[in-house]
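Dear colleague,

Please find below the structure that I am handing over to you, together with its sequence.

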Amino acid sequence: MQGQLRGEDLSFTIESSCAHCGQPIHIEMDAELNYRIVEEGAEPLVHVPMVDFDKLDDPSIIDAF
């Protein structure tokens, strides 16, 4: 969202770990919400919330959750 507001293409890496085995997991995501799991064989569940911004009354998407 930040990139869309600024008119910039942003990308980032999420660094996490498996809740079951503790294996590190890195998820790379781009401005179009395309993502890639860096570790071979890792298959985490990835959820991208869908928000109808025309109906969002909260000041931020974070407040909607």
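Of the 65 residues in the protein, 11% are buried, where buried means under 20% relative accessible area, exposed means over 50%, and partly exposed lies in between (1.4 Å probe, protein chains only). This is a predicted model, in which local features need pLDDT of at least 70 and side-chain atom pairs count only at pLDDT 80 or more, while totals for chains, interfaces and linings use all residues. Residues are numbered from 1 along each chain as its sequence is written, and side-chain values use heavy atoms, with hydrogens and water left out.

Overall composition

Helices (H or I, at least four residues) and strands (E, at least two) are DSSP runs, numbered from the N terminus. The accessible surface comes to about 5,700 Å², and carbon and sulfur atoms hold 50% of that area; such areas come from the Shrake-Rupley method with a 1.4 Å probe, and for residues only the protein chains shown count as cover. Among contacts in the protein with a separation of 6 or more, 2% are between residues 24 or more positions apart, a contact being heavy atoms within 4.5 Å.

The sheet

The three strands form an open sheet in the order β1-β2-β3, and their pairing is antiparallel. At its edges are β1 (12-17) and β3 (35-37), each of which pairs on one side only. From one strand to the next, the twist averages 20 degrees; axes are lines fitted to C-alpha atoms, for helices over the stretch in contact, and angles run from 0 to 180 degrees between N-to-C directions. Two strands are taken to pair if DSSP finds at least two bridges between them. In general, strands of a sheet pair through backbone hydrogen bonds, either parallel or antiparallel.

Between β1 and the antiparallel strand β2 (residues 24-29) there are six bridges. Phe 12 has Met 29 in β2 as its bridge partner, and Glu 15 stands opposite His 26 in β2. The two strands make a hairpin with six residues between them, and Gly 22 in the turn has a positive phi of about 85 degrees.

The cysteines

How many disulfides are there? The count is zero, with a disulfide defined as a pair of cysteine sulfur atoms within 2.5 Å. Cys 18 is in no disulfide, and the nearest cysteine sulfur, that of Cys 21, is 3.7 Å away. Cys 18 is partly exposed, with 23% relative accessibility, whereas Cys 21 is exposed at 52%.

The salt bridge

One salt bridge was counted, meaning a side-chain nitrogen of Lys or Arg within 4 Å of a carboxyl oxygen of Asp or Glu. It joins the side chains of Arg 36 and Glu 28 at 3.0 Å, N to O. Arg 36 has a relative accessible area of 44% and is partly exposed; Glu 28 is also partly exposed, at 31%.

The loop between β2 and β3

Leu 33 lies in the loop between β2 and β3 and is partly exposed, with 46% relative accessibility. Its C-alpha atom is 8.9 Å from that of Ser 11, although Leu 33 and Ser 11 are 22 residues apart along the chain.

With kind regards
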